[in-house]
Amino acid sequence: MNMLLVTELLRWWYTAGWRGRAKRIANQLDATIDYFSMDLLAKTLFAPFRQISAGKVDGPLEVKLRAMLDKLFSRVIGAVIRTILLVVGVVAIAFQVLIGGLILLGWGLVPLLPVVGLILTVKGPAL
Amino acid sequence: MHSTFYKYDSVRSAKARLGARLTKSLRLVLLLVAAVLITLGVLAITSHLTLGWFIVTLAALPVMIYEWYHGELEHPPVTTNSIDGLLDGDILGRLSANPTPKELAAAAASVNGGRFFAVRFGITANFLNDITTDKPEDTEAIWQHALEVRSQTSSEHISGAVLAVAMLQSFPDYESLLAHMHLELDDLLAGVRWYEHLRLLVNKTKEPRRTGGIARDFSFGYIPLLKHFGINLSDQVGGGITVEIVSHVKAVDQLIDTFGSGGRQNAALVGEAGAGKSTIVRAFAEKLLDAKAKIPSNLKFRQVFLLDSASLIAAAPGRGELEGLIMQVLGEAYSAKNIIICLDNAQLFFEEGVGSVDLTNVLLPILEAGNLRVILTMDEQRLLQIGQRNPSLVNALNRINVAPANREETIAVMQDQLIFTEYQRKVTYMYQSLAEAYRLSERYVHDLAMPGRALKLLENAASYGENGLITGNSIQQTIEQTMDIKVGVASGEDEREKLLNLEDLIHKRMINQTRAVQVVSDALRRARAGVRNENRPIGTFLFLGPTGVGKTELSKALADVYFGGEDRMIRLDLNEYVRDEDVARLIADGADDPTSLTAQAMKQPFSVVLLDEIEKAHPKVLTTLLQLLDEGILRDI
């Protein structure tokens with residue numbers, strides 16, 4: 001590789017290459033958000049779970065009250081399950097953000113590694 | 001403004017050459033070197049050698065080159081409007097400083113676009129080599145044509161496909177060459193667009209799909225009955241390949257409008273069989289499951305279920321049971337809140353018959369109320385019949401017409417759909433086969449509308465390819481083998497001999513009438529040489545003469561000698577058609593009257609039609625036959 005190509009490699013590495021890596025990390029994050037249905041979970045947090053006891057009930061007051069309680073129970077169950085999944089999702093996303101951040105940071109340092117290695121070889125201690 | 005200037009020393013050219021040098025094996029070596037450096041470095045560090053740090057960090061270099069290849073060198077983005085800025089990286093990396101047309105031909109033929117043209121059009125590396133020169137000064141003309149083709153086809157790059165067409169256009173007598181291959185320049189441009197379309201399609205399939213995730217259906221009800229008696233179309237989508245022809249996109253948008261707004265939640269897709277109604281429903285189902293699609297939120301992640309009428313009828317044989325079962329299934333769909341029911345061939349649910357049952361009493365109130373989302377697909381004729389019996393049903397439906405596709409749309413559908421057939425049947429279709437499938441199916445396949453009828457013929461042709469390659473000839477053979485009609489140009493030795501000696505063969509059966517025999521034989525030879533008018537009968541002859549001179553015998557001899565037997569003759573004695581009401585009998589629906597001319601011609605299209613004693617026919621009968629004799633068209637009633 002001549003100097004022109006080396007310069008081009010470095011130019012690409014710190015512009016389109018870095019952007020491309022960031023885009024890939026964003027896509028992976030997007031996939032995780034979709035996998036855990038984060039926006040849907042947040043929007044439907046208190047919706048009856050699987051439409052259980054969700055229908056309208058006509059009849060005496062006692063029947064209506066019982067239906068209302070059933071529906072409330074279904075909503076509570078739904079909220080609990082969704083909250084658990086939301087928490088798991090948030091943890092997974094936070095972990096991914098952390099790893100993605102480190103990768104992006106590391107990306108910027110990669111071209112400098114041989115120089116760092118040389119310094120460590122000259123000055124640094126062996127294990 | 002684009003320039004035909006080609007700069008060998010440009011940065012993009014240098015990158016493309018490096019990309020071309022980094023072959024798959026070399027890229028693997030890069031990774032191996034990185035792995036070895038890291039291993040050696042770690043071993044050195046653990047052995048208290050500080051040099052190990054440098055060795056480990058050196059692994060960054062091969063890794064960087066590897067990343068660079070996939071990020072930029074593999075497909076260098078378009079930079080300037082010069083040739084080196086627009087050429088596909090694969091080609092650019094193979095060119096010398098002063099490329100000759102032959103060098104261009106070799107480079108174009110070795111990349112995907114060029115290979116595509118070799119397979120789909122028969123424009124191979126050897127062909128391109130033969131039509132190009134080795135004079136560098138001729139390259140300029142190719143660049144000029146390439147820029148024009150790129151612009152005409154809206155291609156991103158000057159790909160191998162664009163270059164192949166440009167090289168052909170630069171050949172002085174390219175139109176004759178194309179005519180020899182049964183092609184025109186427009187076909188080649190369509191080929192470039194096809195290649196670009198497939199390239200984009202492949203890129204699209206690489207994009208991840210967002211379909212809602214694991215909690216998508218938490219807010220929707222369980223549907224055990226529906227799962228048993230229906231087919232979830234939404235489960236079957238996800239290939240990412242849906243054909244986007246204008247009429248279908250419009251119908252999908254109409255479905256979204258209908259179900260996204262507050263009106264009656266039903267839609268009837270009305271069109272001929274084969275027009276693409278089921279495809280539209282599948283495209284609609286796919287769009288609903290796409291988290292990125294711009295659709296109303298009340299339609300997002302809704303699922304389309306196809307009701308299986310056969311399993312419903314089988315599960316509820318008793319009187320009244322079926323109505324009960326249907327109500328349960330539809331009730332479940334309504335309660336689940338995310339179901340759109342599809343009644344494919346909806347006439348099966350609105351009329352009594354084999355495999356169908358009249359559920360109008362159950363379904364009409366549901367359709368009129370418009371709360372449960374229902375899609376019906378139906379043939380227009382059947383809708384008219386049902387509407388005649390029950391006008392309120394038709395009034396309750398939001399009708400969406402699905403018109404048959406035109407030639408351009410049909411070719412586009414075939415181009416996308418044949419990918420699946422090619423994969424399943426291990427065959428390859430040439431472009432000429434698509435054009436021929438459209439032409440011949442339009443003429444000979446009548447039970448389906450476009451694009452279904454062309455697709456059907458194309459699929460059938462998979463069994464008639466030569467070494468897995470389906471050409472225009474294969475399509476003709478398919479028609480000849482499956483429908484027993486000769487459509488191609490005479491090619492077999494036997495047939496050629498027969499045509500050349502037709503007069504002698506006929507005269508073995510009858511003597512004299514030399515003139516009549518010669519005229520008939522000439523007409524057949526013209527037709528089989530491919531110089532006939534496709535929109536007229538092969539020949540229409542009026543044999544005049546007293547009884548016993550051989551008028552009928554000549555027809556029989558012709559049927560026997562050329563059409564394969566005396567039974568290959570449809571004989572109508574027109575003295576049986578002397579009243580004006582006999583016209584109806586002549587063109588009666590083939591399904592009702594097997595003796596009508598239309599029925600016999602449909603059953604045995606490759607035959608001689610003998611209209612005996614024509615002078616005795618009623619004038620109205622003759623008027624009807626006039627259209628048949630002139631244009632070869634006769635429609636049943």
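Let me start with one tyrosine. Leaving aside residues up to four places away in sequence, Tyr464(B) touches Ser474(B), Gln477(B), Thr478(B) and Gln481(B). This is a predicted model, so please keep that in mind throughout. Where does Tyr464(B) lie? In chain B, in the loop between α25, residues 452-460, and β8, residues 469-470. Take Gln476(B) as a distance check. Tyr464(B) and Gln476(B) are twelve residues apart in sequence, and their C-alpha atoms are 9.4 Å apart in space.

Pro451(B) sits in the loop between α24, residues 431-444, and α25 of chain B.

Now step back to the domains. Chain B is split into four: domain 1 covers 11-204, domain 2 covers 224-401, domain 3 covers 407-483 and domain 4 covers 493-631. Look at domains 2 and 3 of chain B. Their centres, over C-alpha atoms, are separated by 30 Å. How many residues are in contact there? Eleven from domain 2 of chain B meet eleven from domain 3 of chain B. On the domain 2 side of that contact, six residues are nonpolar, four are polar and one is charged.

Next, the sheet. Chain B has an open sheet of six strands with mixed pairing, in the order β1-β3-β4-β5-β2-β6. Which strands stand at the edges? They are β1, residues 230-232, and β6, residues 399-401, of chain B. Each has a single partner strand, so one side of each has no neighbour in the sheet. On average, and ignoring direction, neighbouring strands are turned by 25 degrees against each other.

β1(B) runs antiparallel to β3(B), residues 303-307, and three bridges join them. One pairing to click on: Gly230(B) has Leu307(B) in β3(B) as its bridge partner.

Then move to β5(B), residues 374-378. All five of its five residues are buried. Which side chains point which way? Val374(B), Leu376(B) and Met378(B) go one way, Ile375(B) and Thr377(B) the other.

What pairs with β5(B)? On one count, β2(B), residues 266-270, in the parallel sense over five bridges. Val270(B) has Met378(B) as its bridge partner in β5(B). β4(B), residues 339-343, also pairs with β5(B) in the parallel sense, over three bridges. There, Cys342(B) stands opposite Ile375(B).

Asn345(B) has a positive phi of about 50 degrees, although it is not a glycine. It is in the loop between β4 and α20, residues 360-369, of chain B. Asn345(B) is partly exposed, with 17 other C-beta atoms within 10 Å. There is another such case. Glu613(B), also not a glycine, has a positive phi near 50 degrees. Its loop lies between β10, residues 608-612, and α33, residues 619-631, of chain B. Glu613(B) is partly exposed, with 15 other C-beta atoms within 10 Å.

One helix before we leave chain B. In α11(B), residues 160-170, ten of the eleven residues are buried. Among them are Val162(B), Leu163(B), Val165(B), Met167(B) and Leu168(B).

Finally, chain A. It has five helices and zero strands. Its radius of gyration is 27 Å, whereas a compact globule of 127 residues would come out near 14 Å. Its C-alpha trace spans about 85 × 35 × 15 Å along the principal axes. Of the 127 residues of chain A, 15% count as buried.

How does chain A meet chain B? Through 38 residues of chain A in contact with 38 residues of chain B. On chain A, the elements giving two or more residues are α1 (3-14), α2 (16-35), α3 (38-43), α4 (61-109) and α5 (113-123). By class, that side of chain A has 23 nonpolar, eleven polar and four charged residues.

Note on methods. Residues are numbered from 1 along each chain as its sequence is written. Chains are lettered from A and ligands numbered from 1 in the order in which they are written. This is a predicted model: local features need pLDDT of at least 70, side-chain atom pairs count only at pLDDT 80 or more; totals for chains, interfaces and linings use all residues. Domain bounds come from an automatic or database domain assignment. Two residues are in contact if their C-beta atoms, placed from the backbone, lie within 7 Å. Ala, Val, Leu, Ile, Met, Phe, Trp, Tyr, Cys and Pro count as nonpolar, Asp, Glu, Lys and Arg as charged, and the others, Gly among them, as polar. Helices (H or I, at least four residues) and strands (E, at least two) are DSSP runs, numbered from the N terminus. The radius of gyration is taken over C-alpha atoms; the globule rule is 2.2 Å times the number of residues to the power 0.38. A residue is buried if 20 or more other C-beta atoms lie within 10 Å of its own, exposed if 12 or fewer, and partly exposed in between; C-beta atoms are placed from the backbone. Two strands pair if DSSP finds at least two bridges between them. Axes are lines fitted to C-alpha atoms, for helices over the stretch in contact, and angles run from 0 to 180 degrees between N-to-C directions.
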